[in-house]
Amino acid sequence: MDIFSSGWIGFVITGLGTLFLIGEILVNMRGFFGLLGIGFIVVYFSAYLETSSFIIMLIIYFIGILLIIIDGKLLNDGTLSTLGLACMLASVALAAPNLNAGLYGVAGVLVGGVSSFLFLKVFKHRKMWSKMTLKDRLTNEAGYNSMNAEYEKLLEQQGITLNDLRPVGTIRINNKDYSAISNGQWIPKGRTIRVVQVDGTRILVETID
């Protein structure tokens with residue numbers, strides 16, 4: 001495989017592999033993108049590694065993918081996604097035969113991961129990310145005047161957290177539940193909070209010490 005003697009080929013393969021794997025997580029392509037991504041990543045590791053090392057690095061890479069999926073489905077705070085990305089970067093870097101190829105591989109993962117978000121503009125996205133990004137933000141122009149007016153009245157009001165805000169969660173104000181987000185802080189369940197900003201239906205809160 002003389003083509004793999006060129007470091008840039010690692011950038012192409014890891015970039016395409018990550019592009020399609022993360023794309024499969026973001027949009028519903030019924031496994032098609034996933035198969036493409038797995039194919040590219042398997043080619044990358046098999047080109048540089050013996051069987052035992054190949055399996056280990058492949059496992060580390062897909063553990064990273066799994067952590068990103070778990071974060072999107074359960075936690076929604078980005079912690080596991082960061083660890084997952086670190087696993088992916090470490091695996092492709094360690095698998096490379098030299099520093100130059102390793103840097104190309106790492107760059108491919110980063111570029112492919114960022115580029116995968118372009119799929120959201122074309123294909124139907126998965127609902128697992130809606131909680132993290134608060135996709136329910138609405139505007140007056142979209143015809144939600146009465147809802148926005150209700151939310152605007154929440155400004156400076158106090159309430160209580162119904163679960164941990166990490167940083168997204170549910171709060172209760174005047175016996176009504178709302179989705180809210182903290183300013184990057186983890187707010188435990190049962191804490192008294194105050195609404196400090198309302199943007200459409202996005203509610204930003206902080207704790208009352």
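How many bridges join strand β2 to strand β3? I found six between β2 (residues 168-173) and β3 (residues 176-182), and the two strands run antiparallel. For the record, strands pair here if DSSP finds at least two bridges between them.

**Ground rules.** I am working with a predicted model, where local features need pLDDT of at least 70, side-chain atom pairs count only at pLDDT 80 or more, and totals for chains, interfaces and linings use all residues. Residues are numbered from 1 along each chain as its sequence is written, and side-chain values use heavy atoms, with hydrogens and water left out.

**Overall fold.** I noted seven helices and five strands, in the order α-α-α-α-α-α-α-β-β-β-β-β along the sequence. Helices (H or I, at least four residues) and strands (E, at least two) are DSSP runs, numbered from the N terminus. The protein has 209 residues, and 40% of them count as buried. Buried means under 20% relative accessible area, exposed over 50%, and partly exposed in between, with a 1.4 Å probe and protein chains only. I also checked contacts (heavy atoms within 4.5 Å): among those between residues at least 6 apart in sequence, 56% join residues at least 24 apart.

**Back to the strands.** The hairpin of β2 and β3 has two residues between the strands, and N174 there takes a positive phi near 55°. I traced R172 to its bridge partner D177 in β3. The side chains of D177 and R172 also meet in a salt bridge, at 2.7 Å from N to O. My cut-off for a salt bridge is a side-chain nitrogen of Lys or Arg within 4 Å of a carboxyl oxygen of Asp or Glu. D177 is partly exposed at 40% relative accessible area, and R172 is partly exposed at 37%. β3 also pairs with β5 (residues 202-207), this time in the parallel sense over two bridges; there I181 has L204 as its bridge partner.

**Other salt bridges.** My search of the whole structure gave four. One of them joins E150 and K176, with the closest N and O atoms 2.5 Å apart. This pair links distant parts of the chain, as E150 sits in helix α7 (residues 145-152) and K176 in strand β3, 26 residues apart. E156 and R194 form another, at 2.6 Å from N to O. E156 lies in the loop between α7 and β1 (158-161) and R194 in strand β4 (residues 192-199), 38 residues apart. I marked E156 as partly exposed at 46% and R194 as partly exposed at 23%. E156, R194 and E206 are linked in a network of salt bridges.

**Helix α1.** Is α1 largely enclosed or open? I counted 15 of its 19 residues as buried, so α1 is largely enclosed by the rest of the structure.

**Surface.** W8, F11, V12, Y104 and V111 make a nonpolar patch of about 410 Å². α1 (8-26) and α5 (99-115) each give two or more residues to the patch, and α1 supplies the largest share, three residues. V111 is found in α5 and is partly exposed at 41%.

Key:
Patch = residues over 30% accessible without salt bridge, like charges linked within 9 Å, V, L, I, M, F, W, Y side chains within 5 Å. Areas by Shrake-Rupley, 256 points an atom, 1.4 Å probe, with all protein chains shown as cover.
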